Amino acid sequence: MILSDHEIIEAIKKGEIVIIPFNPDNVGPCSVDLTLADEFVVFKEGLIFDPMDAKSIEGGISIIKTNGQPFILKPGQFVLARTYEKIAISKKYAATLEGRSSIARLGIVVHAAGLVNPGTGLLKPKPLVLEIFCQNSSPVKLYPGMRIVQIIFHRLSSEVKIGYDERKKSVFVENNLWFAHKF
């Protein structure tokens with residue numbers, strides 16, 4: 001079941017959902033808008049990236065901090081970004097992320113690997129990593145602080161036994177991928 005606005009607020013009050021910082025104005029009928037941070041991972045053009053070789057990835061990226069200024073996303077460019085807000089959800093919820101329609105209408109596809117697992121952020125609230133691609137034929141400015149995705153919370157039929165952050169194989173626990181270290 002998807003949580004409604006008042007159920008989201010109640011779960012936040014109970015500490016079952018943590019959003020830091022939390023802006024009540026960003027709560028919609030059944031979601032919360034999350035905003036864009038000011039760091040972007042940019043992939044260098046013309047290189048081969050091998051997902052089985054972390055060094056090929058680490059050597060092919062640049063981390064750009066815009067210090068509050070807009071980032072200009074070029075046509076056909078793919079970057080990683082993250083939410084400004086840090087998130088934690090209890091083991092009785094999962095969440096999904098959806099790009100906002102106002103951003104999609106500019107030809108910007110924002111994806112976040114879709115699922116936020118139960119127990120994410122339990123050990124320490126964390127920003128969510130976003131994959132952003134420009135399908136527009138013109139550059140588009142992305143502003144830190146702009147509402148970029150919406151998070152939708154789902155109540156599970158029962159609480160999971162082991163939350164995402166508690167699993168030994170979870171990316172952010174194992175830290176075996178470059179973005180877990182640097183981003």
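Which residue is the bridge partner of Val109 in β10? I found Phe133 there.

First, my ground rules. This is a predicted model, where local features need pLDDT of at least 70, side-chain atom pairs count only at pLDDT 80 or more, and totals for chains, interfaces and linings use all residues. Residues are numbered from 1 along each chain as its sequence is written, and side-chain values use heavy atoms, without hydrogens and water.

Entry on β10. β8 and β10 run antiparallel and are joined by four bridges (strands pair if DSSP finds at least two bridges between them). On β6 (residues 78-89), I counted seven bridges to β10, again antiparallel. Phe78 has Phe133 as its bridge partner in β10.

Val109 counts as partly exposed because its relative accessibility is 36% (buried is under 20%, exposed over 50%, partly exposed in between, with a 1.4 Å probe and protein chains only). Eight of the nine residues of β10 (residues 126-134) are buried, so this strand is largely enclosed by the rest of the structure.

Entry on the other sheet. I read an open sheet of four strands in the order β2-β12-β7-β9, paired antiparallel. Its edge strands, β2 (32-35) and β9 (115-116), each pair on one side only. β7 (residues 93-99) and β12 (residues 147-155) share seven antiparallel bridges, and Leu97 has Ile151 as its bridge partner in β12.

Key:
Helices (H or I, at least four residues) and strands (E, at least two) are DSSP runs, numbered from the N terminus.
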